[in-house]
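Please walk me through this structure in plain terms, beginning with the contacts between charged side chains and then moving out to the fold as a whole.

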Amino acid sequence: MGTQLRAASCCHHINGLFSTVPTLSTPPAVSSLHSTDNLNRRQKGILILEKSVIGLSLKKEIRGGRRRFGINGIVASSSSNVAAAPFWDSWKPPQKASSDPSLSDILWPSAGAFAAMAILGKMDQILAPKGVSMTIAPLGAVCAVLFASPSTPAARKYNMFMAQIGCAAIGVVAFTLLGPGWLARSTALAASIAFMIYARAAHPPAASLPLLFIDGVKLHRLNYWYALFPGAAGCVVLCLIQEIVCYLKDNVKF
C-alpha cells in the first residue's frame, strides 16, 4: 500500500511540473499537433517515472527483509521463515482426510498380514529339516506395502520382483567378493539403491535383503539361489493374499 501511495504522490508531483512548463503561442493547427505530442510525451514520462519509483521502493523493501509482488492487484508478502516451512511440515502429522477409514479398511489388511505370516510359518515347519526359513524380516515390510498401501509405486509387481531379485543377487556378489564385514554391507546397500534407481524399481523392503544375507550364516548355503528364495518366492505368496485382501476391501465393507 505504501508503494502505491508513494507512486501516486510522485505522479501528482510530476503532473504539476509538466503543467508549469511555459509554452509559446503557435498557430491553432500547429498548436493542436504540438499539444498532442506533448501529451503523449508527458504520459510516457510519467509511466517511466512510475516504474522507476516502484522499482526503487521494491529494492528497499527487499533489502529490509520483506518482498512484495504486485500481480493483477494481488499483493503477496513473504519472509525468510517461509523457506523453512517444507522442512518442518515433514515432521508434522498428516492432515486428516475428509472421512476416516472404515472398520473394514483396517481389518482386512491386518487379517491379510496375519494370514501371510501364518502361511509362511507353516512353510517354515515343512522346510525346517533343510535348515531354511521363509519367514524373514523383509517380507514383513512387504506385507505393510502390499496390504496398507497397494496403490503406491512400491507395491507394483514389477518394482517388487525386480528389486527383490536384483538386491538379493547383489548381496550374494558383495559377500563373495568382500566377505563378511562393514565394507560388504555398505557396498551392497549402495549398489542395491543404485540398481533400484537405474531399473526404476523402487521397493524399500528389498534394500534389507543384501544385509540379511551377509549377516545370516544360515543363508550362505543358498548361494545364488538366494536371489529367488526366500525373498521372491515369499512375494509370490504375498501377492496372492493381496488379491484376496483387495477384493474383500472393495466388496465386503462394514
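In this predicted model, a search of the whole structure turns up two salt bridges. One of them joins the side chains of D105 and K253, with 3.9 Å from N to O. This pair links distant parts of the chain: D105 sits in helix α4 (residues 103-127), while K253 belongs to the segment after α9 (231-251), and 148 residues separate the two.

How exposed are the two partners, D105 and K253? D105 has a relative accessibility of 28%, so it counts as partly exposed. K253 reaches 54% and therefore counts as exposed, because the cut-off for that class is over 50%.

The other salt bridge is formed by D215 and R185, whose closest N and O atoms are 3.1 Å apart. Here too, distant parts of the chain are linked: D215 lies in helix α8 (residues 209-215) and R185 in helix α7 (residues 182-199), 30 residues apart. D215, at 48% relative accessibility, is classed as partly exposed. R185 is also classed as partly exposed, at 30%. Neither residue counts as buried, because that class requires a value under 20%, and D215 stands at 48% while R185 stands at 30%.

The protein has nine helices and two strands.

An unreviewed UniProt entry gives "transmembrane region" for residues 69-88, 132-149, 161-179 and 223-248. Two of these spans can be described from the model. Residues 132-149 are 67% helix and 0% strand, and the C-alpha atoms at the ends of this span lie 29 Å apart. Residues 161-179 are 95% helix, again with 0% strand, and their end C-alpha atoms are 26 Å apart.

Some totals complete the picture. Of the 254 residues in the protein, 28% are buried. Among contacts between residues at least 6 apart in sequence, 73% join residues at least 24 apart. The protein exposes about 17,000 Å², and carbon and sulfur atoms supply 67% of that area.

Note on methods: Residues numbered from 1 in each chain as written. Predicted model: local features only at pLDDT ≥ 70, side-chain atom pairs only at ≥ 80, totals over all residues. Heavy atoms only, no water. Salt bridge = Lys/Arg side-chain N within 4 Å of Asp/Glu carboxyl O. Helix = DSSP H or I, 4+ residues; strand = E, 2+ residues; numbered from the N terminus. Buried < 20%, exposed > 50% of the residue type's maximum accessible area, 1.4 Å probe, protein only. UniProt positions renumbered as here; feature names shortened; annotations may be inferred. Contact = heavy atoms within 4.5 Å. Areas by Shrake-Rupley, 256 points an atom, 1.4 Å probe, with all protein chains shown as cover.
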